[in-house]
Amino acid sequence: TVLDMLPNGYQFVSASTAAYVNTTGVWSLGALPSSSSQTLIITCLVLSGQTNYVNFAEISGAPLPDPN
């Protein structure tokens with residue numbers, strides 16, 4: 001599970017997968033094979049007056065620690 005909640009000043013438009021819930025910021029990946037990856041693309045609008053264009057995501061549930 002990955003948590004990627006858009007900060008204030010952004011309006012959610014769409015996500016590249018239905019496994020992402022924009023109201024909670026939760027992206028449910030399920031099990032991934034070793035050495036594999038997944039990409040989530042979030043499309044949003046930057047609202048008027050927004051000057052901070054930073055967005056962070058974090059792993060919130062994994063059977064093993066993520067070293068990076």
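I began with L47, which at 37% relative accessibility counts as partly exposed, a class that lies between buried, under 20% relative accessible area, and exposed, over 50%, for a 1.4 Å probe and protein chains only. L47 sits in the loop between β5 (42–46) and β6, where strands are DSSP runs of E of at least two residues, numbered from the N terminus. With V13 and L45, L47 forms a nonpolar patch on the surface, with about 240 Å² of accessible area together. For such a patch I noted the rule that residues have over 30% relative accessible area and no salt bridge, and that nonpolar side chains are joined within 5 Å; a salt bridge would be a side-chain nitrogen of Lys or Arg within 4 Å of a carboxyl oxygen of Asp or Glu. Areas come from the Shrake-Rupley method with a 1.4 Å probe.

I wrote down that this is a predicted model, in which local features need pLDDT of at least 70 and side-chain atom pairs count only at pLDDT 80 or more, while totals for chains, interfaces and linings use all residues. Residues are numbered from 1 along each chain as its sequence is written, and side-chain values use heavy atoms, without hydrogens and water.

Next I looked up the overall make-up, and found 0 helices and 6 strands. Of the 68 residues of the protein, 15% count as buried.

Between β1 (residues 2–3) and β4 (residues 26–27), I noted 2 bridges, and L3 has V26 of β4 as its bridge partner.

I then turned to D4, which is in the loop between β1 and β2 (10–15) and is buried, with a relative accessible area of 9%. Leaving out residues up to four places away in sequence, D4 touches Y20, G25, I42, N55, F56 and A57, a contact being heavy atoms within 4.5 Å.

Last, I checked the aromatic rings and found 1 aromatic pair. F12 and Y20 form this tilted pair, at 5.9 Å centre to centre and 35 degrees between the planes; the rule asks for centres within 6.5 Å, and calls planes under 30 degrees apart stacked, over 60 edge-to-face and the rest tilted. F12 is partly exposed at 25% relative accessible area, whereas Y20 is buried at 7%.

Methods:
Pairing = 2+ DSSP bridges. Helix = DSSP H or I, 4+ residues; strand = E, 2+ residues; numbered from the N terminus. Patch = residues over 30% accessible without salt bridge, like charges linked within 9 Å, V, L, I, M, F, W, Y side chains within 5 Å. Phe/Tyr/Trp six-rings, centres within 6.5 Å; stacked < 30°, edge-to-face > 60°.
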